[in-house]
Amino acid sequence: AALGRAPEAHESEEPAPPRRRGSTVDASCPPARVVVVGAGLAGVAAALEAAAEGAEVILLEKQAAGQRPDANSAKATSGMNAAGTPRQREAGVSDSAAALADDTLRSSGASSRSSSYAQLAGVLAASSAEALEWLEAQGAPLPRVVQLGGHGAPRTHRPPEGAAPVGQHVLSALSARLADLP
């Protein structure tokens, strides 16, 4: 069936073949068409990852072309919290994903360690170093590590001195990377 319409009664709907086998794209499958709504950090990251897997990507944004996206991530000024990063080790900081998760729960006011909040905080913390590494590989370095309120260790990664605030810094780098794609 064509994208965007229901199949006709006489059309048979065959299940789509799997796009992935293990960690590689199945070359026998045609490129997927992916529509991403919103050019904030999550949208641009999703578009980059889909394109990296060979998908045809359409990124929809409410702002006119050439204008900076009006996304919440563009307004972020603090930094990215990540635990167990190379930058922390270089600075002699001992930190862990468990400590980041605990600090996140404590500052959120979540009262139960068995709640869904605890599970989400655990995933966030466990993925934080890898997410920071991905951002930096995309051209958004966050070399400064500082300790901000609510944290038991220096783990807030910030842009280089004199750079734009973290949200603008990261979103600009990812948007530039996206613009470089064919």
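Student: What makes the meeting of the side chains of glutamate 161 and arginine 144 a salt bridge?

Tutor: Bear in mind that this is a predicted model. The N to O distance for glutamate 161 and arginine 144 is 3.1 Å, and the rule asks for a side-chain nitrogen of Lys or Arg within 4 Å of a carboxyl oxygen of Asp or Glu, so the pair qualifies. Glutamate 161 lies in the loop between S7 and H5 and arginine 144 in strand S6, 17 residues apart.

Student: Why does glutamate 161 count as exposed, and why is arginine 144 called partly exposed?

Tutor: Exposed means over 50% relative accessible area, and glutamate 161 counts as exposed because its value is 67%. Arginine 144, with 29%, is partly exposed, because that class covers what falls between under 20% and over 50%.

Student: Why are arginine 155 and aspartate 95 called buried, although both carry charged side chains?

Tutor: The label rests on accessible area, and buried means under 20%. Arginine 155 is buried because its relative accessibility is 1%, and aspartate 95, at 18%, therefore counts as buried too.

Student: What makes valine 37 exposed, and which residues make the nonpolar surface patch?

Tutor: Valine 37 has a relative accessible area of 69%, so it is exposed, the threshold being over 50%. The patch, of about 380 Å², is made by Val35, Val37, Ile58 and Leu60, and strands S3 and S4 each give two or more residues to it.

Student: Which residues touch the most other members of the largest nonpolar core?

Tutor: Among its 15 residues, these are Val44, Met80, Leu132, Leu135, Leu142, Val170 and Leu174. Helices H1, H4 and H5 each supply at least two residues, and the largest share, 5 residues, comes from H5. Leaving aside residues up to four places away in sequence, valine 170 touches Leu41, Leu135, Ala140 and Leu142.

Technical notes
Residues numbered from 1 in each chain as written. Predicted model: local features only at pLDDT ≥ 70, side-chain atom pairs only at ≥ 80, totals over all residues. Heavy atoms only, no water. Core = buried A, V, L, I, M, F, W, Y, C linked by side-chain atoms within 4.5 Å. Buried < 20%, exposed > 50% of the residue type's maximum accessible area, 1.4 Å probe, protein only. Helix = DSSP H or I, 4+ residues; strand = E, 2+ residues; numbered from the N terminus. Contact = heavy atoms within 4.5 Å. Patch = residues over 30% accessible without salt bridge, like charges linked within 9 Å, V, L, I, M, F, W, Y side chains within 5 Å. Areas by Shrake-Rupley, 256 points an atom, 1.4 Å probe, with all protein chains shown as cover.
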